[in-house]
Amino acid sequence: MDFDLSEEQSLLKDSVEKLIAQHYDFEQRKKYLQTPEGYAPDLWARYAEMGLLGLPFAEAEGGFSGGAVETMIVMEAFGRGLVLEPYFATVVLAGGLLRHAASAAQRAALIPAIAAGELRLAFAQSERQARYDLSDIATTATREGTRWNLSGEKSLVLHGDSADRLIVSARVSGARRDHDGIGLFLVDAASPGVSRRGYALQDGTRAAEITLAGAAGEPLGAPDRGFSAIERVVDEAIAALAAEAIGVMAVMHETTLDYLKTRKQFGRPIGQFQVLQHRAVDMFVAIEQARSMAFFATMMAGEADAEERRRAMAAVKVQIGRSGRRVGQEAIQLHGGIGMTMEYKVGHYFKRMTMIETLFGDADHHLGNLAALGGLIAV
Amino acid sequence: MDLAFTKEEIAFRDEMRHIFRNEIPETIRRKATEGRHLSREEIVTSQRILNARGLAVPHWPSEWGGRDWSPVQLYFYQDEMQQANVPPPLPFNVSMVGPVIASFGNERQKRAFLPRIANIDIWFCQGFSEPGSGSDLASLRTSAKRAGDFYIVNGQKTWTTLAQYADWIFCLVRTDASAKQQEGISFLLIDMKTPGITVRPIQTIDGGHEVNEVFLDDVKVPVENLVGEENKGWDYAKFLLGNERTGIARVGTSKERIRRIKELAALERAGEQRVIDNPRFREKLAAVEVELKALELTQLRVVANERRGARGKPDPASSILKIKGSEIQQATTELLMDVVGPYAMPYQPQFEEGWNEPPIGPDYAAPAAPTYFNWRKISIYGGSNEIQRNIIAKAILGL
Ligand SMILES: Cc1cc2nc3c(=O)[nH]c(=O)nc-3n(C[C@H](O)[C@H](O)[C@H](O)COP(=O)(O)OP(=O)(O)OC[C@H]3O[C@@H](n4cnc5c(N)ncnc54)[C@H](O)[C@@H]3O)c2cc1C
């Protein structure tokens, strides 16, 4: 085992961190939030130039053959900047579905466009009734000659409002919550039968409610074998979110430490109060535990045995969720009133962390799953 | 010792319950239940209805509208009001500046202010905190210099809750810069319309506007607006902060929140199972209920004790109420987030103004995350929970 980055990985880390440091200070980010897309289109182009948008795809298909470690590096840096661009939606989620489910022809058609920054995708998966159950899909796909028609309501589609195309999960056969009979379909977001309602999440990132009324979809791979790809991609997504969470938590901690050193009350920096020192230490311990689990997630993201992978990601999500909540609440508390304001950065990290806690299942949900699977240590 | 409530006390409770649930407009109570912000007008309406029935200031001296109730009666009054989601009479008026004027003000001030404070004809805000003086309040720098019949006030207050609605502000100001910190502070009442006062909004992380900065620039305040003696303001502030502390426990509010969480958890499903039937969720909820029951009795004990103690000297045990009460309230906001799950994520500020677009997810989900964010404040204001622990360590444990 070796926790050190290779030379290439270090270069990647340095360049992404530099980009974020240059383009993602608090004031710049505020401006990006004001745009219609809710992010900075010119930065999207920069990500493409740097090779970030093609990172996880095979070289032969127009990518850079990066693995889970590379994704971790990018997502952690993006967490530090509270990056708004649809990287997670396009590259991690939709890109993952292309890697695991699409045909060679589809990959050849789409991946170069993604890598070039010309195609933004979103994964239209969750539905109102589903909560965190990935197989709870009521949207239907029905065949009419050579054409597939999709109908249903998709909810909380990350960056669904600005995506050019959607990858929609839909039921081809079987009952609600069956694992079999779920297909993945590529849908042009501007096509007839697709209507979208975009909105901001609590942290300012964008999402959409999407109604499909007989919209045309092109199956990704075999039209009724989508579920294992969905599970796999969501596990990769949890690993990516874990890395992002580390970036988010690290900034909250650094900001808090700075504040403890500079804020004076009772004639001294408040960081001299031992009780606050211990609180900062507990935050640190919580982050290090989370960081370890982010490494575990990265290690297990490519695990082929689905049950082992699910078990690992449940554990990861529990740790990330718990550490994140603790660190976020403490960061606000140790700042006092200033931490409660929009004008100050720590609250924005707290809100992003709260979204990460919820995405793809909160800590309690995953604790339940992990317990049902018998925990991590086999008897 | 008799630990049961008497028949009379129970009858009193039922009377309070009846009044709160029947006299305050349902629309106002509904808004409070749903976690929406009340307008100025709604807060005023509710307090005037209470005041007309002698229920705005029962804890004041009887000549100014107080009812001479026992601690148990006061407890039922508060508990029933909170459980009915009746907006409490404005705390800045009835729990803070009112009791200070009643205890330390002169006759003219009492006559001029107390009835109008009780009836919220005047809305007061609290000008204590400053950018450099939060926990260390006694270091405050806003100065008041005597010039004939006036004080000239200069400085800045911050975190001033609902200053945008306020007619008056009660301020701690420094009147003697050469004295020891605590001994140079005075308590002034200032009309917000006085030239030189600027209010700037501060937006909180939930997107709301409830706090402000208040700038005071050569503000002329008549000397007659000094409460009590010059340079004795710190004593009055301590008296006031003790009351504020106790008020933050909000046991009835938490009871009502838990009830609502149970209702909503019965509507939400995860798969075939209702959220309320999930054993893990039930255990989490039950654990909070245990803490709340304990707090309820602790509060009754503290209040009974304070009654016996010296006037103007709050029981340091009230810090227990502040710590536990805030933690429990915050825990309920997390439980509501658990209930709504992914639908805590959409930011839907329009739910405040009435729905003009259909809600995203269930209509009760919109306030869950904003309330979770906003209620982080409860462990910060009213003396942060760290400061409360310092008080207990010193004043009770002798450390
Ligand atoms: C939503 C909101 C509404 C408010 N409304 C009002 C209002 O209407 N009027 C008003 O006057 N004020 C109001 N306040 C201000 C509030 O009282 C202060 O925020 C509070 O006193 C803390 O001060 P501070 O924010 O400056 O934090 P600081 O005092 O700077 O504290 C920062 C951190 O250090 C800790 N700390 C400080 N000193 C010590 C110590 N000795 N030992 C251990 N830990 C310590 C604190 O607990 C906190 O965690 C409000 C605050 C908020 C958030």
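This is a predicted model: local features need pLDDT of at least 70, side-chain atom pairs count only at pLDDT 80 or more; totals for chains, interfaces and linings use all residues.
I take helices (H or I, at least four residues) and strands (E, at least two) as DSSP runs, numbered from the N terminus.

**Entry: positive phi**

I looked up B:D68 and placed it in the loop between α3 and α4 of chain B. B:D68 is not a glycine, yet its phi is positive, about 55 degrees. Most residues other than glycine have a negative phi. I noted B:D68 as exposed, at a relative accessible area of 60%; buried means under 20% relative accessible area, exposed over 50%, and partly exposed in between (1.4 Å probe, protein chains only).

I then turned to B:L162, in the loop between β3 (150-158) and β4 (168-174) of chain B. B:L162, also a residue other than glycine, has a positive phi near 55 degrees. B:L162 counts as buried, with 15% relative accessibility.

**Entry: helix α3 of chain B**

I recorded 13 residues (40-52) in α3 of chain B, with 18 Å from the first C-alpha to the last. That is close to the 18 Å expected at 1.5 Å a residue, where the expected span is 1.5 Å times one less than the number of residues. I found B:E42, B:I43, B:V44, B:S46, B:Q47, B:I49 and B:L50 buried in this helix. The buried residues of α3(B) pack against α1, α2, α4, α5 and α6 of chain B, contact meaning heavy atoms within 4.5 Å. Just after α3(B), I noted a positive phi of about 75 degrees at B:G54.

**Entry: α1 and α4 of chain A**

I found α1 (7-23) and α4 (68-81) of chain A packed at about 20 degrees, with axes 9 Å apart. The axes are lines fitted to C-alpha atoms over the stretch in contact, and angles run from 0 to 180 degrees between N-to-C directions. The two helices, α1(A) and α4(A), are therefore roughly parallel, a term for angles under 35 degrees. Among the residues that meet are A:L12 and A:V16 of α1(A), and A:I73 and A:F78 of α4(A).

**Entry: B:E334**

I located B:E334 in helix α10 (318-340) of chain B and noted it as buried at 18% relative accessibility. Not counting residues up to four places away in sequence, B:E334 touches A:R325, A:Q329, B:Y372 and B:R376.

Key
Residues are numbered from 1 along each chain as its sequence is written. Chains are lettered from A and ligands numbered from 1 in the order in which they are written. Side-chain values use heavy atoms; hydrogens and water are left out. Angles under 35 degrees count as roughly parallel, over 145 as roughly antiparallel, 65 to 115 as roughly perpendicular and the rest as oblique.
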